[in-house]
Amino acid sequence: MTTFARDASALSSAVGRLPIHSIRRAADIPLDGAWDFQLLESDGADLATDWEAVQVPELWTMRRADDPAQYTNVPMPFVDAPPIVPARNPVGVYRRTVRLTPARDRRLILHVGAAEGHLRVVVNGREIGSSTDSHLEAEFDVTDAVVDGDNTIDLRVAKWSSQTYLEDQDQWWQSGISRSVHLTEVPLARIADVVVVADYDAASGLGSVRIDVETTGVSDSEGVAGWTVDVDLLGETRTVAVPARQAAQTIPKPADVRAECPPPRLPPDFMDLLSIQAAGAPVPERFAAIAGQFAQTLVHGAVAGVARDERTDLAVSPWTAETPHLETIAVVLRNAEGVAVDRASVRVGFRRVEIVGRDLLVNGERILIQGVNRHDVDPRTGRVMTRERLHDELALLKRFNVNAIRTSHYPNDPVFLDLCDEYGFYVVDEANIEGHAFAGSIADDPRYLASFHERYSRMLIRDRNHPCVILWSLGNETGYGAAHDALAAWSRAVDPTRPIHYEGALSSDWHAGHAATDVVCPMYPSFDSLIAFSADPRSDRPLILCEYAYSQGNSTGGLARYWELFETLPGLQGGFIWEFLDHALDPDGDGRGRYGGDFGDHPNDGYVMLNGLAFSDLTPKPAFCEARALFAPVRVVSDVDDARRGSIRIRNRQSFAGLDALEFAVRVETTSGVSAETDLTGVAAPAGGEVDIPLPAPVVAALAHPDALALSLVVRTAEAEPWAPAGTERAILQVRTGRPADPLPDAGTTPVLVEGDITHPLLVSPPRLSLWRALTDNDESFALDNRFVRSGFFSLEPEDVEVSTDEASATVTTTYRAAFGAAVVHHRRVIAIGDADWVFDERVTLPEGTADGLRVGVEFILAPGIRDATWIGLGPEENYPDRRAGALLGRWRSDVDAMAVPYLYPQHHGTRGGVTALDLSGPAGHVAMSADRELHATVTRHTAGQLEKAAHWWELPASEVTVVALDVAHRGVGTARLGPDVLPGFRLDGADYAWRWRLSIAD
């Protein structure tokens, strides 16, 4: 018997595994649930007598402290090189006893949905086969190994194999059985696969289809006749014959016929016809009669065992992500007596995907890819995904107007694609190929060529009937080599209906790599590079970013700039944000998310995995609200003057759908709250069209009021969808009035004041200059070269204080020394308006040569007992200068604790921009702040020092104080950890800053 260790190290990735297919058979004997489990140090270790009870599917790395999950990004988790398998190679043994009664005339197929590692199947002690590729199913015929009665099934999973080098993705390394397991009985002669090419011609509005029903066990010998397949589509059933195997072509032997004169049958030199036709030369007149039939005699006209049904001029509704219409094709295999022996069905969508010039078209229309990258991740189960979890993820994405998903970096569960077909998503289906650590060599290593092809081809064969899949991806971050060109050539031959995607083919030259990618799909480009590419006459393909807007921590600044370019420049069609979800794990369910290193895993890449638009529990981050607004199905294209005259104009941003699925309402945001909220009816515009919407008279009147801040257009679902109930909010869009802030008093009532008099029981510490925020992940980017730390602004020590007074105010000039000696001068004029009521005139001069900073403002701390916050400004979510397209101007209320954004790796958070008034209240009293210009306000429970000291959000100390920061300038957040830094217009490049604000405190 071949040992498991040798199997794991062998370059062959599968033994005894059945061919993959696209049809889905029901589980006759479900095997999910209770299994026995042992974790062995290696395959050579003996099994113990004690077994651990587990529930399959499951990953032992989610529960075993002796072999936990491990996170690395680029490096392999061990020090070896392909194809060496580490000496320490744990093996998980899953065992289950199943009582069976095998049928004589049927085969029994074991289906393992996915195994993380090198899978080996043993039934009743008999070796059945093995498989790798952690994200595609493996099926084995176990008929000859089972007995009538109890049967023991062992699924043995080795953690590492030679194929592990092709799964070096930016995610947790996990081990176990991650998808469902079952047994299925199939007839001896059966349907092996159903391949559908469903096309739609937008010009005629008609569809066509080619359906190939592949069978096995039917035409294995010559002379099989009478087997047929019934194909039902659109209410019409057709019966097509299953071709038998045909005799191989051969050259006829010459016949000695002399009894009578043989008649002439062929023209002279007829054998020349083959080369004449191949050369494209004119066919001589003497060959005209046989030219067509001569070519046909060289190849078989039909494929043995494959019944083909072709239909044209079909009246069908097309499939798009906006209008996901599906049809069911049902097929029945019948034997020569007409008895049905097998059945299958597939759901298909009629659509056409093509590239024309620099545009990717679906059904003849240019689409915009409003996409995200998605990994399998559940905080409790790791990569074990339930249908309910997949539904929840896709429902959230639809509600946030995402229309496309890249399956980074491997094929997903077929259930995922079923839901994408049904709900409406464009999918880039990516092969489970990433050799990041050895990207410079592995794609040209002939030892891995077969593995490349196997992983890619099995994905394509399994998923090709899904209309949601519009691009095939050759994998990710595996350099560029001969293997990629080979995959692309095979793909174009087998499935010419879908373009190919591979970033590695053009990572160093966007105009290269045509052999391996049909789209330009770079990662994390600068804005200037996109502008240049769009204008470059060499650009001949659509550009769709496979990764951009890196969302680690408090991030995703500049997304609006990307979309300004996507929607205005030729050749740019959107992209896939990195990424949808954080990868934090919470296996104990205690609410304490973990990242790399938290399980004692080494080496690790720490918190780099926390880069989602949503937390791993599907709670959206504020950055996701930004994306939702930019991806909204409609956009307001008129201004406040039009609104005041009684109408607004909106554009339907969709490529196919009208506005029937949406309902609209308007309201006016005022300094006192919402006014004149009214539903709108009769709003209609075709895809890409615009419409003027009359505003109700009460809305126009409210908008004319001096306290009006903005007109809000609310967009909701009109009817229940599979992913949302009726009335679900899709977007809120605004037209702002430009109302100025209220002026502040210029004169006080107290004749003389010194800064030390700014005291009150609620003030734990009075307002003090602050230029520092707890560094975000992007602030700490390697590319920024410690820019902010070098400023020394994390420490400001007063060195010199000068005080001057007059009858109405006091002016305090403080010179601060930053950590490395630079001088910061702060002038403050204080006017006392009343008891515990002050107006501050602030002016700050930064050190000469300061080119960039984090913030300029004041910070103070309030005593415990403050619970509620109300502000006039941008909200309700956290927002920043370069991430506020989704922020709304209005009057907002929040619990102080809820204003925090609990980034698992603590950092600056919670800022709201455009603030002109802020009230904080609770049992301790009331604190009011206002300004004569828009400020950035941050209200939190923790100081910058506390945030920077903690490694996890849940490690922050309990705090009941309220830390308030009011900034005249605050840097954007950008994406500098991996991508562009904050745009220059959102950086702090000034030397002098001045502003006025008021602080009023009442017990």
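Modeller: What follows is a set of questions and answers on a predicted model.

Colleague: Which residues in α8 and α9 meet?

Modeller: From α8 come F527, L530 and I531. From α9 come R561, Y562, L565 and F566. That contact divides into six nonpolar residues, no polar and one charged. Arg counts as charged, so R561 in α9 is the charged residue.

Colleague: What is Y548 in contact with, leaving aside its neighbours within four places in sequence?

Modeller: Its contacts include Y562 and F566, two residues of α9 that also meet α8. L559, W563 and F631 are among the others. In the largest nonpolar core, which has 117 residues, Y548 and F624 touch the most other members. Helix α5 (residues 414–423) gives the most to this core, with six residues.

Colleague: How many residues are in the second, separate core?

Modeller: That core has 57 residues, including A869, V927, V968 and L999.

Colleague: How do you know that β18 and β19 pair?

Modeller: Pairing needs at least two bridges. Strand β18 (residues 190–201) and strand β19 (residues 206–216) have eleven, in the antiparallel sense, so they pair. V197 has R210 in β19 as its bridge partner. Four residues lie between the strands of this hairpin, where G205 takes a positive phi near 75°.

Colleague: What about β23 and β24?

Modeller: Strand β23 (residues 327–334) and strand β24 (residues 340–348) pair over eight bridges, in the antiparallel sense. R334 stands opposite A340 in β24. The hairpin has five residues between its strands. In the turn, G338 has a positive phi of about 85°.

Colleague: Why are β36 and β40 called edge strands?

Modeller: The open sheet has three strands in the order β36-β37-β40, with antiparallel pairing. β36 (634–636) and β40 (690–694) each pair on one side only. Three bridges join β36 to strand β37 (residues 647–652). The bridge partner of V636 is I650 in β37. Direction ignored, neighbouring strands of this sheet are turned by 30° against each other on average.

Note on methods:
Residues numbered from 1 in each chain as written. Predicted model: local features only at pLDDT ≥ 70, side-chain atom pairs only at ≥ 80, totals over all residues. Heavy atoms only, no water. Contact = heavy atoms within 4.5 Å. Core = buried A, V, L, I, M, F, W, Y, C linked by side-chain atoms within 4.5 Å. Buried < 20%, exposed > 50% of the residue type's maximum accessible area, 1.4 Å probe, protein only. Axes fitted to C-alpha atoms, helices over the stretch in contact; angles between N-to-C directions.
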